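Please examine the sequence and the three-dimensional structure shown below. The report after them is written for a reader who is new to protein structure.

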Amino acid sequence: AQHPDANKDQHGRLRVAAAVGTKKLLTVLWTRTTDREPPTNPADPDTGWGEALSWVVAISIGGAVARVVAQRAAATGWERAMGSPPPTKDSAPAKNS
């Protein structure tokens, strides 16, 4: 059987792909909705409060959704490969310090 740490790289790649894809999707949606590019720096004084906060909220929610999607995809992949659900923090063996 494969060691649980063997899938850390795969999980990391899924998270990066999800983050990149989410930002691209949100940028496209923002541009289509507002007819402008999203703010590159929401803290810039030339960016209005409404626009800055809207972009930060969109990115935050999008990131949270992407993380859940990546975690669920990784868990599904683990279960298909290993034949059992992935270990949880409670079920993982303790590491020797």
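The sections below treat the overall fold, the helices, the loop and the surface in turn.

## Basis of the report

This is a predicted model, in which local features need pLDDT of at least 70 and side-chain atom pairs count only at pLDDT 80 or more, while totals for chains, interfaces and linings use all residues. Residues are numbered from 1 along each chain as its sequence is written, and side-chain values use heavy atoms, with hydrogens and water left out.

## Overall fold

The chain has two helices and zero strands. Helices (H or I, at least four residues) and strands (E, at least two) are DSSP runs, numbered from the N terminus. Helix α1 covers residues 8-34, and helix α2 covers residues 49-82.

Of the 97 residues in the chain, 15% are buried. Buried means under 20% relative accessible area, exposed means over 50%, and partly exposed lies in between (1.4 Å probe, protein chains only). The chain exposes about 7,600 Å², and carbon and sulfur atoms supply 58% of this area. Accessible areas come from the Shrake-Rupley method with a 1.4 Å probe; for residues, only the protein chains shown count as cover.

A contact means heavy atoms within 4.5 Å. Among contacts in the chain between residues at least 6 apart in sequence, 48% join residues at least 24 apart.

Just after α2, G83 takes a positive phi of about 80 degrees.

The buried residues of α2 are E51, A52, W55, G62, A66, A70, A74 and W78. An α-helix has 3.6 residues a turn, so residues three or four places apart point the same way.

G62 of helix α2 counts as buried because its relative accessible area is 12%. Leaving aside residues up to four places away in sequence, G62 touches T22 and L26. G62 and G21 are 41 residues apart along the chain, yet their C-alpha atoms are separated by 10.0 Å. T22 lies in helix α1 and is buried, with 17% relative accessibility. With the same exclusion of residues up to four places away, T22 touches G62, G63 and A66.

Which aromatic residues form a pair? Rings of Phe, Tyr and Trp (its six-membered ring) pair if their centres lie within 6.5 Å; planes under 30 degrees apart count as stacked, over 60 as edge-to-face and the rest as tilted. The count by this rule comes to one aromatic pair. The ring centres of W30 and W55 are 5.3 Å apart and the planes stand at 75 degrees, so the pair is edge-to-face. Because W30 lies in helix α1 and W55 in helix α2, the pair ties together parts that are 25 residues apart in sequence. Both W30 and W55 are buried.

## The loop between the helices

D35 lies in the loop between α1 and α2 and has a positive phi of about 60 degrees although it is not a glycine. With a relative accessible area of 67%, D35 is exposed. T47 is found in this loop as well, but T47 is buried, at 16% relative accessible area. Not counting residues up to four places away in sequence, T47 touches P39, N41, P42 and A52.

Side chains of opposite charge can pair when their charged atoms come close. R36 forms a salt bridge with E51, with the closest N and O atoms 2.7 Å apart. R36 lies in the loop and E51 in helix α2, so the pair ties together parts that are 15 residues apart in sequence. A salt bridge is a side-chain nitrogen of Lys or Arg within 4 Å of a carboxyl oxygen of Asp or Glu, and the count by this rule comes to one. R36 is partly exposed, at 47% relative accessibility.

V57, I61, V65 and V69 make a nonpolar surface patch of about 350 Å². Patches are made of residues with over 30% relative accessible area and no salt bridge: like charges are joined within 9 Å, and nonpolar side chains (Val, Leu, Ile, Met, Phe, Trp, Tyr) within 5 Å. V69 lies in helix α2 and counts as exposed, at 51% relative accessibility.
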